Amino acid sequence: MRSVEAITSQLHARGMRVTPQRERIIGLLVANERHPTVDSLFDAVRESMPTISRRTVYQTVHDLETLGEVRLLDLGTGSVRVDPNVETAHHHLVCRVCGRVRDVAAPKRGVAVPAETAVAFHVDDVDVIYRGTCTECAAG
């Protein structure tokens with residue numbers, strides 16, 4: 001994900017409002033590798049901005065997705081996750097115990113559709129989710 005300044009400039013260029021709340025949300029996502037839920041972003045922003053609405057957080061992450069700055073992920077963990085790593089092709093590791101999500105480098109070109117399915121279908125994107133137990137949870 002690009003810097004807060006670069007993203008806010010892009011929002012301005014598209015005629016979108018840039019508020020302190022949006023800047024704070026963007027700041028929480030820059031260099032964030034934890035794949036936060038939208039609700040955890042709301043909780044984090046609310047600590048310093050108690051009047052922020054959940055709607056503002058959801059609208060901001062959807063706007064960032066429209067700009068191509070984040071991907072919203074449904075990894076089957078019960079909450080939408082925000083993935084700010086849109087620059088590199090990767091899949092995801094999801095711990096069944098703690099729910100932590102990590103990126104795993106993998107070229108998306110390496111996944112093939114079975115021949116009988118590929119006849120009537122053009123693949124634009126591939127999402128692979130590896131489920132298991134992280135080292136921390138396995139040790140404890």
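User: Is Asp 39 buried, partly exposed or exposed?
Analyst: In this predicted model, Asp 39 is partly exposed, its relative accessible area being 30%.

User: And which residue does Asp 39 pair with?
Analyst: Asp 39 forms a salt bridge with Arg 54, with an N to O distance of 2.7 Å. The two partners come from distant parts of the chain, since Asp 39 sits in helix H3 (residues 38–48) and Arg 54 in helix H4, 15 residues apart. Arg 54 also counts as partly exposed, at 38% relative accessibility.

User: OK, how many salt bridges are there in the whole structure?
Analyst: A search of the whole structure gives six salt bridges, and one of them joins Asp 63 to Arg 22, where the closest N and O atoms are 2.4 Å apart. Asp 63 belongs to helix H4 (residues 54–66) and Arg 22 to helix H2 (residues 20–29), so this pair ties together parts that lie 41 residues apart in sequence.

User: Are Asp 63 and Arg 22 buried or exposed?
Analyst: Asp 63 is buried, with a relative accessible area of 10%, and Arg 22 is buried as well, at 12%.

User: Switching to Asp 43, what does its side chain meet?
Analyst: The side chain of Asp 43 meets that of Arg 46 in a salt bridge, at 3.4 Å from N to O. Both residues are in helix H3, and because they are three residues apart, about one helical turn separates them. Asp 43 is partly exposed, with a relative accessible area of 37%, and Arg 46 is likewise partly exposed, at 39%.

Notes:
Residues are numbered from 1 along each chain as its sequence is written. This is a predicted model: local features need pLDDT of at least 70, side-chain atom pairs count only at pLDDT 80 or more; totals for chains, interfaces and linings use all residues. Side-chain values use heavy atoms; hydrogens and water are left out. A salt bridge is a side-chain nitrogen of Lys or Arg within 4 Å of a carboxyl oxygen of Asp or Glu. Helices (H or I, at least four residues) and strands (E, at least two) are DSSP runs, numbered from the N terminus. Buried means under 20% relative accessible area, exposed over 50%, partly exposed in between (1.4 Å probe, protein chains only).
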